[in-house]
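Dear colleague,

Please find below the structure that I am handing over to you, followed by an account of what was found in it.

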Amino acid sequence: NAQKVITISKHARKAIISAYAKSPDDVVVAYPSVSKTTLKPSLTFIKKTHKKFGIQKPFILYIGTIQPRKNLIALIEALEVLHRITAGRSLQKKRATATETLEKPIQLVLAGKIGWLSDPILERIAQSPLKEHIITTGFITQEEKAVLLGSSSALVLVGLYEGFGIPALEALMYKTIPVVARTSSLPEVVGKAGIIVDPENPHKIAEGIWKALNQTAQERTRFYTEARTQLGRFSWEQSAIQIWNTLCEIARR
């Protein structure tokens with residue numbers, strides 16, 4: 001019955017139009033954003049945070065609640081695939097032999113509180129041959145999050161359904177490459193700055209992570225440019241104007 005609906009992504013807009021038979025003119029996108037000022041923790045605090053959680057570089061990072069829709073079991077499987085691939089070997093082959101290993105172990109840091117229906121995920125971690133390389137931090141502060149974003153090799157967000165995907169945008173702020181699922185709103189959040197993968201295929205997730213870990217200098221320069229461009233598409237000011245104009249339009253009716 002709403003005259004207008006304000007939502008946070010084009011993907012959500014499309015879903016609302018379909019589910020509620022709304023006119024496209026009555027569903028408006030006002031993107032969320034992130035702070036344009038990044039926190040800059042001291043070197044002492046960075047070392048303290050790494051020690052607190054037992055983190056050693058290099059590591060890949062997930063930020064969010066531990067829950068089923070985040071597709072973390074597939075991410076754990078992707079980590080196992082990654083560890084079976086030697087540096088320099090192509091990920092095009094669908095399977096790797098158990099004797100193939102990375103030259104240096106890659107940690108997976110799952111930063112966030114334990115959510116509902118999380119038992120199968122925690123059990124999968126406990127059963128993984130790489131359980132010593134999988135770290136669950138529990139709740140983290142904003143400053144700790146800044147440390148993890150700033151020092152990780154890639155942020156991986158391969159959830160099966162996201163409303164938006166703020167951590168992917170935060171990764172761009174900290175010049176960390178986001179590897180994201182091709183589902184829901186995530187591709188529109190990262191644009192050309194991110195690496196987009198099939199979230200239902202652990203081998204494809206591993207391939208995306210591998211690509212992030214092995215960028216050339218030219219690819220890295222291109223990423224910085226694309227990240228700046230993509231961040232420019234999201235601002236609280238633009239969203240405020242969009243919301244204000246929508247409210248004024250309703251008031252005039």
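Ser235 sits in the loop that links helix H9 to helix H10 (236-252); helices (H or I, at least four residues) and strands (E, at least two) are DSSP runs, numbered from the N terminus. With a relative accessibility of 10%, Ser235 counts as buried, where buried means under 20% relative accessible area, exposed over 50% and partly exposed in between (1.4 Å probe, protein chains only). A polar atom of the Ser235 side chain lies 3.0 Å from the backbone nitrogen of Gln238.

This is a predicted model, in which local features need pLDDT of at least 70 and side-chain atom pairs count only at pLDDT 80 or more, while totals for chains, interfaces and linings use all residues. Residues are numbered from 1 along each chain as its sequence is written, and side-chain values use heavy atoms, with hydrogens and water left out.

Backbone features

A cis peptide bond, with omega about 0°, joins Lys57 and Pro58. Pro58 belongs to the loop between helix H2 (43-53) and strand S3 (59-63).

Two residues other than glycine have a positive phi: Asn71, near 65°, and Ser184, about 45°. Asn71 is in the loop between S3 and helix H3 (72-83), and its relative accessible area of 12% makes it buried. Ser184 is in the loop between strand S7 (178-181) and helix H7 (186-190); it is buried too, at 15% relative accessibility.

Strands

In strand S6 (residues 154-157), Ala154 and Val156 point one way and Leu155 and Leu157 the other, and all are buried. S6 runs parallel to S3, to which two bridges join it; two strands pair if DSSP finds at least two bridges between them. Ile60 stands opposite Ala154 in this pairing. Three bridges join S6 to S7, also in parallel, and here Leu155 stands opposite Pro178. From S6 the chain crosses through H6 to S7 in a right-handed β-α-β crossover (right-handed if, with the strands pointing away from the viewer, the path from the first strand over the helix to the second runs clockwise).

Pockets

The largest pocket holds about 370 Å³ of space. On a 1 Å grid over the protein atoms alone, a pocket is an open set of points where a 1.4 Å probe fits, with protein on both sides within 12 Å along at least five of seven lines, and lining residues have an atom within 4 Å of a point. Grid points are joined across faces, edges and corners, and a volume is the space filled by probe spheres set on the points.

Of the 21 residues that line the largest pocket, Ile63, Gly64, Thr65, Lys145 and Pro167 lie nearest its centre. Helix H5 (142-151) and helix H6 (166-173) are the elements that give two or more residues to this lining, and H6 has the largest share, with three. By class, the lining has eight nonpolar, seven polar and six charged residues; Ala, Val, Leu, Ile, Met, Phe, Trp, Tyr, Cys and Pro count as nonpolar, Asp, Glu, Lys and Arg as charged, and the others, Gly among them, as polar.

The second largest pocket holds about 240 Å³. Its lining includes Ile177, Lys192, Lys211, Arg222 and Phe223. Helix H9 (residues 217-231) gives the largest share of this lining, four residues, and the classes are four nonpolar, two polar and five charged.

Notes
A polar contact is a pair of N or O atoms within 3.5 Å; within protein, one must be able to donate a hydrogen and the other to accept it, and residues adjacent in sequence count only if both atoms are side-chain atoms.
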